[in-house]
Amino acid sequence: MDVLPCGHAAYAADSRGCAHLVVERPPDHYGWFTGVGLAYDRLCEACAKRDDPPLIVLCVGCEERVEDYSDLVGWLGRPEVRRHDADPGGTWTSADCAAEPLNAWSVAALPGGWLVLTEAGLVRVDGTGTAFVAPVSLPVEPADLRSPDPPRPALHTSPDGRHAAVVTDFGRHGVVLDLVAGAPVLTLDRGDYRYRQTCFPLAFVGSDRDAVVVAATDWNRLDAIDLASGRLLTERVTAWSGDGPKPEHYLDYFHGALLLDPSGRWLLDDGWVWSPSGVTLVHDVAAWLGGDAHATEHGRQLAVREAWDVPMAWLDERTAVLQPIDRHDRPAVAGVEVHDVVDARRVAAFAGPVGRMWGHDGLLYVGTAAGLEVWDPVDGARTGVVEGFTPIAHNPRTGRFAELAAGRLRTWTPEPLP
């Protein structure tokens, strides 16, 4: 075995570093992207300021010592962003539409069209035009100058199109409506503790015949309610006064935005814990509704991150995508992580995607100011851009995307994969 430039007879690491890091207690360092994928070399602060820093091959032991005893405090250069752009094709529709959404979270899919939250209330939009459905009334959420995210309304629809929920993201209240009756069937309140830190946790689950909504009813509690009967399906004890031993099923976690996978089994939870750190969990909805009363108190941890309230998407029934590339102990990188939720492990990461995300047919779609980007997560490369198209809603069953602006509804449907 040859002696490496770091002075050790050992196996070479995958990265290089400056000689100042080859010590028992390496100083904090910077990552210098090599331009190949996410690979980077390691530099101390002094070498990071040089235009042509000296680099040597590190052994595995030296690299591990840097990882264990030195903080990565910043990035230099840029990671590789792969682009293999081609014409994305697809099918277009365009029509006049007078319904004006309150914001970019105020349009949601229906089986035969779209539901829009307007100043007047809910409006159905389809091939025949628009129709008023119901007024919506929520308590006013006062602004908090200490919170970086002001309260905003957000719209959710059930897969069968029978129910809709209007909630206040970074607020505490919501309401579920029966769209056939045009009336509210359930009011929501997640309590008054730290609710300004996350989007309102809500998702419709269950089959088309069994309408069930999952929503936060406290900062650390989710509940499932049968909408046909109003019955609580998840009765259990979760409270703790702080005195005495902590109960076995107590959850010290602030729930965030929820996103159900295409099969309806797994529920992503974009929440956080003190100090604070973002923690992405995945809950087994099938087990929870099947009798495991405390399944959502024992969700699988996918990632511990510096941030939460991040874009999320499902590629398929077991593969979730999170933005950005992030760890709680280092600066984030613009891009995505791909996670296997069944094995609870990160399986890939690649630089580039930044913006609201949706998954369909195994591809990743990312909304940007320039247009809708299409990414192949297997190659970690962008494969096309639908230029000038900025959708704010997606139908996961048909794949259709919707843009509603300036009195026009435009939709684009990707071509089916061969």
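**Close-ups of a predicted protein chain**

**View 1. Charges across the chain.** The protein chain carries 36 positive and 59 negative side chains, with the centres of the two sets 1 Å apart. Residues are numbered from 1 along each chain as its sequence is written, and side-chain values use heavy atoms, without hydrogens and water.

**View 2. Helices and strands.** You can look for three helices and 35 strands in the protein chain. Both are DSSP runs, numbered from the N terminus: helices are H or I with at least four residues, strands are E with at least two. The C-alpha atoms fill a box of roughly 75 × 65 × 45 Å along the principal axes.

View 3. A disulfide is a covalent bond between the sulfur atoms of two cysteines. Counting one takes a pair of cysteine sulfur atoms within 2.5 Å, and the count here comes to zero. For Cys59, the nearest cysteine sulfur is that of Cys62, 3.6 Å away.

**View 4. Tucked-in cysteines.** Buried means under 20% relative accessible area, exposed over 50%, and partly exposed in between (1.4 Å probe, protein chains only). Cys59 counts as buried because its relative accessibility is 3%. Cys199 is buried too, at 8%. Across the protein chain, buried residues make up 49% of the 418 residues.

Conventions. This is a predicted model: local features need pLDDT of at least 70, side-chain atom pairs count only at pLDDT 80 or more; totals for chains, interfaces and linings use all residues. Lys and Arg count as positive and Asp and Glu as negative; His and the chain ends are not counted. The place of a charge is taken as NZ of Lys, CZ of Arg, CG of Asp or CD of Glu.
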